[in-house]
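Biologist: I am new to this structure and would like to learn how its features are read. Could we begin with the surface?

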Amino acid sequence: MATEDDDRPRKKISHEIGQDLSLLSVEELAERVTLLKSEIARLEEAATRKRASRDAANSIFKS
């Protein structure tokens, strides 16, 4: 039988750089690591796209 807690929407995982980690469980820490790795990948992809756009623009204007 489901408990009342099961019906509540799960709080979105977020992380603040430098926050106190002592109150987090091992599972919560693992979720944060996954979240941050995904965010790093997203940032790296954005940087790659911006570099490609900049390089394409530079090659046109340097002609």
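Modeller: A nonpolar patch is built from residues with over 30% relative accessible area and no salt bridge, where nonpolar side chains (Val, Leu, Ile, Met, Phe, Trp, Tyr) are joined within 5 Å, while patches of like charges are joined within 9 Å. Here I13, I17, L35 and L36 form such a patch on the surface, with about 330 Å² of accessible area together. Accessible areas come from the Shrake-Rupley method with a 1.4 Å probe, and for residues only the protein chains shown count as cover. This is a predicted model, in which local features need pLDDT of at least 70 and side-chain atom pairs count only at pLDDT 80 or more, whereas totals for chains, interfaces and linings use all residues. Residues are numbered from 1 along each chain as its sequence is written, and side-chain values use heavy atoms, with hydrogens and water left out.

Biologist: Where is I13 placed, and how exposed is I13?

Modeller: Helices (H or I, at least four residues) and strands (E, at least two) are DSSP runs, numbered from the N terminus. I13 sits in the loop between α1 (4-7) and α2 (26-61). For exposure, buried means under 20% relative accessible area, exposed over 50%, and partly exposed in between (1.4 Å probe, protein chains only). With a relative accessible area of 30%, I13 is partly exposed. R8 is also placed in the loop between α1 and α2, and R8 is exposed at 56%.

Biologist: What does the secondary structure of the protein come to?

Modeller: The protein has two helices and zero strands. Its radius of gyration is 20 Å, well over the 11 Å that the globule rule gives for 63 residues, so the protein is more spread out than a compact globule. That radius is taken over C-alpha atoms, and the rule is 2.2 Å times the number of residues to the power 0.38. The C-alpha trace spans about 70 × 30 × 15 Å along its principal axes. Buried residues make up 3% of the 63 residues.

Biologist: How many salt bridges does the structure hold?

Modeller: Side chains of opposite charge can pair when their charged atoms come close. A salt bridge is a side-chain nitrogen of Lys or Arg within 4 Å of a carboxyl oxygen of Asp or Glu. The structure holds two. In one, E39 pairs with R42, the closest N and O atoms being 2.8 Å apart. E39 and R42 are three residues apart in helix α2, and therefore separated by about one helical turn. E39 is partly exposed at 31%, whereas R42 is exposed at 51%.

Biologist: How far apart are the closest N and O atoms of R54 and D55?

Modeller: In the salt bridge between R54 and D55, these atoms are 3.7 Å apart. R54 is partly exposed, with a relative accessible area of 48%, and D55 is partly exposed at 43%.
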